[in-house]
Amino acid sequence: MSTKDVPVGRSAPPADVRAPAGTRAPAVSYISWVALALMTTSSVASLRPSPTMAVYGLACVFLYLIPALVFLIPTSLVSAELASGWSGGVYRWVSEGISKPMGFLAVWCQFAMTVFYYPSLLGFVASTLAYVINPDLASSGVWTALVIMVCYWTGVWVSSRGAKGVAGLASSGLVIGTLIPGIVLVTLGVVFLGRGNESAAPMTADNLLPAWAGLASLVLIVNNFLSYSGMEMNAVHVSSLRDPAKQYPRAMFLAMGLVLLIFIPPALAISWIVPAEQLSLTAGIMQAFDAVFAEFGSQWLTPIIGIMLVAASLGGMLTWLAGPSRGLLLISRQEGYLPPFLQRLNKHGVQQNILVTQGLVTTVIALGYAFIPDVSSAYWIFSVITTQVYLIMYLLMFIAAARLRKRQPDHPRGYRAPMLAGLCGVGFAASLAALLIGFIPPSQFGSSSIWTYLLIVGGGALGLGLLVPYLFYRLRKPSWRTAQAEEVPVS
């Protein structure tokens, strides 16, 4: 996951909102479908998952295309219809399509996935930063845990002060930490091969599909669902297009092409340079840069690239930090889902108590890096838990969309997804399959205890994604309804 959910611009009112009689409707500021495609690309694309797929060499092309077809496209088109007909995001969609308790579960999962997202994102930051200071630190769990805790709590301090313009860091991150390093890596990778060096991974037609060694050999594909997640956030801009029915699909297919260009060539470049058995899931990008720069006698550039990647990742973390928790806060103040302590705002209007509580959990998780011997294993486990919690929300979204089309066929929608029932069926099946596959240890973990893996992943995903929101809902009290959403100041 990269710098997703970054609010860009302002979307037009949903289709079901009408100006009061006797008033003049506000002017709508339209955006082009190309602009929406670029906006989507900047919020989805990242170099962070590249080492994970580079393990598969040429087969990474297949492993990126499949989730794009069965998850990215259904998610994009279905969420566009929901966003163009119902304001309020995933809580409103699921509440009207299923029920309010399920709406709370959906918005909770949007928030809860970040609890494990931050350790995995900052684990990548720690390994990347190690190449700026001392590459040996990349395999140190203690170093990784310290970087996670320092970066997270610094982010909480910045966010709690109501800092403005943080989202701009994520916008520049696409260029600074994704496009420039990606282009450099692919270019040097091509030159690396052009100078007669043999690719570390075979690039023949026989390697287009991943080697089958049971279900465990395909588990890494689950991480790609997280790479494509967040499309439901970009869908709010569908009403800002002049002709949503024609332009939105164009924007999504262009964005998918651009995202694949950012995902696939860098992953291939890494597989050319770094053998799979030596590849770190967290430090793989820096391993590739270090190796290719060594080939050209320019290793002094490695720390510079590392700083660029770190800056972009930290900017993305800051833009994510307050967003999901803000949505949970607003819903909880209306419906009383969280105790008053977690609903309190500081003088800057920021939900500081939620951020601090989340930080305590994140700190405990970060210590897992110090106690799990293999940093790559810890990184993968946290990435899987993040994906599974988020997939619960997508399962609910697909069900809600299908039921809303059936129950409210005449409800005004600015965009109607073609073959919605089929899209929801494909998206639901793919999400469920990815969630279940996540419980299978990948082939790289063959020597580890399967029961330990199941306990950590199952406990994290089901406990945080289902048990905790169930307890909040069952223990809620009428006094927990502290305010209406419109009374909450926006920082």
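I looked up Ile 183 and found this residue in helix 7, residues 166-194 (helices, H or I of at least four residues, are DSSP runs numbered from the N terminus). The model is predicted, so I kept to its limits: local features need pLDDT of at least 70, side-chain atom pairs count only at pLDDT 80 or more, and totals for chains, interfaces and linings use all residues. Residues are numbered from 1 along each chain as its sequence is written, and side-chain values use heavy atoms, with hydrogens and water left out.

Is Ile 183 buried or exposed? I noted it as exposed because its relative accessibility is 56% (buried is under 20% relative accessible area, exposed over 50%, partly exposed in between, with a 1.4 Å probe and protein chains only).

I then listed the surface patch: Val 175, Ile 176, Leu 179, Ile 180 and Ile 183 form a nonpolar one with about 400 Å² of accessible area together. Areas are by the Shrake-Rupley method with a 1.4 Å probe; for residues, only the protein chains shown count as cover.

Next I turned to Ser 79, in helix 3, residues 60-85. Ser 79 is buried, at 0% relative accessible area. Its side chain reaches the backbone oxygen of Ser 76 at 3.2 Å. Beyond neighbours within four places in sequence, I found Ser 79 in contact (heavy atoms within 4.5 Å) with Trp 93, Met 231, Glu 232, Ala 235 and Met 397.

For the whole protein, I recorded 56% of 491 residues as buried.

Conventions. Patches are made of residues with over 30% relative accessible area and no salt bridge: like charges are joined within 9 Å, nonpolar side chains (Val, Leu, Ile, Met, Phe, Trp, Tyr) within 5 Å. A salt bridge is a side-chain nitrogen of Lys or Arg within 4 Å of a carboxyl oxygen of Asp or Glu. Helices (H or I, at least four residues) and strands (E, at least two) are DSSP runs, numbered from the N terminus. A polar contact is a pair of N or O atoms within 3.5 Å; within protein, one must be able to donate a hydrogen and the other to accept it, and residues adjacent in sequence count only if both atoms are side-chain atoms.
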